[in-house]
Amino acid sequence: YVAARHEGQVTALAYNDADKVILSASSEDHSVRVFDELEPDSIPLLRTMRHTHRKDISCFAFSHHLSLIATGSSDFSVKLWDFQFGKLDGVLRGHTGEVTAAAFVDPYPLLVTADCCGDVMFWAVRPSTSRLRCLHMFQNRSPATDYELPSAAFIVRGADGVARDSTGMRTGVNGVGKAPL
């Protein structure tokens with residue numbers, strides 16, 4: 001038996017052990033599907049979220065605790081979907097490039113997203129009273145063109161106003177130059 005197929009390639013998968021379901025997303029048909037794993041002979045399709053974005057789905061995240069699915073897209077948006085009902089819960093706007101990563105910070109009502117331009121954003125989601133708001137944003141790239149960061153490094157500006165990367169290097173005044181701390 002073959003489960004109900006996406007019309008294009010699958011770009012993201014997640015398994016929810018608590019509910020025994022498989023979640024899949026397709027960039028080409030712009031849909032997210034939830035399959036029941038409890039019946040391994042048939043793997044029935046439980047629900048489909050169609051037309052999730054105007055462009056390709058580039059990433060997604062799932063939170064069992066919050067009962068939310070987040071989808072990121074090359075249309076620069078992040079959408080939140082109610083897991084139980086498959087309904088749109090909200091749209092997060094603010095990225096300036098394709099959203100390439102998303103992760104919930106369970107058990108907190110917090111979603112972290114990143115885009116291809118290096119922007120990392122922290123969003124409040126339900127049940128927070130500040131839901132659908134960007135709480136914090138930083139850039140995961142060097143402000144100086146002559147200084148390349150190692151992969152997965154972050155730039156943070158401390159209370160003293162000095163920008164430092166995660167390797168302990170000071171990026172200098174206005175991000176120019178570098179010096180060990």
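Reply: Rings of Phe, Tyr and Trp (for Trp, the six-membered ring) count as a pair if their centres lie within 6.5 Å; planes under 30 degrees apart are called stacked, those over 60 edge-to-face, and the rest tilted. By this rule, a search of the whole structure finds two aromatic pairs. In one of them, the ring centres of Phe122 and Phe138 are 6.1 Å apart and the planes stand at 35°, so the pair is tilted. Phe122 belongs to strand β11 (residues 119–124) and Phe138 to strand β12 (residues 134–139), so the pair ties together parts that are 16 residues apart in sequence.

The model is a predicted one, in which local features need pLDDT of at least 70 and side-chain atom pairs count only at pLDDT 80 or more, while totals for chains, interfaces and linings use all residues. Residues are numbered from 1 along each chain as its sequence is written, and side-chain values use heavy atoms, with hydrogens and water left out.

A residue is buried at under 20% relative accessible area, exposed at over 50% and partly exposed in between (1.4 Å probe, protein chains only). Phe138, at 16% relative accessibility, therefore counts as buried, whereas Phe122, at 23%, counts as partly exposed.

The strand to examine closely is β10, which pairs with β11. Strands (E, at least two residues) and helices (H or I, at least four) are DSSP runs, numbered from the N terminus. The protein has 16 strands and zero helices.

For the protein, buried residues make up 45% of the 181 residues.

Two strands pair if DSSP finds at least two bridges between them. Strand β9 (residues 99–104) pairs with β10 in the antiparallel sense over five bridges, and Ala101 has Ala114 of β10 as its bridge partner. These two strands, β9 and β10, form a hairpin with five residues between them. The pairing of β10 with β11 is also antiparallel, again over five bridges. Here Leu111 stands opposite Trp123 in β11. The hairpin of β10 and β11 has three residues between the strands, and Gly118 in the turn has a positive phi of about 95°.

Elsewhere, four strands form an open sheet with antiparallel pairing, in the order β1-β2-β3-β4. Its edge strands, β1 (10–16) and β4 (45–49), each pair on one side only. Within this sheet, strand β2 (residues 21–26) and strand β3 (residues 31–36) are joined by six bridges, and Ala25 stands opposite Val32 in β3.

As to confidence, the protein averages a pLDDT of 77, and 72% of the residues score at least 70. Over residues 145–154 the pLDDT stays under 50, and the model has 20 contacts there beyond four places in sequence, a contact being heavy atoms within 4.5 Å. The stretch 172–181 is also below 50 in pLDDT, with 21 contacts beyond near neighbours in sequence. Where pLDDT is low, the predicted coordinates should not be read in detail.

Key: pLDDT = per-residue confidence, 0-100.
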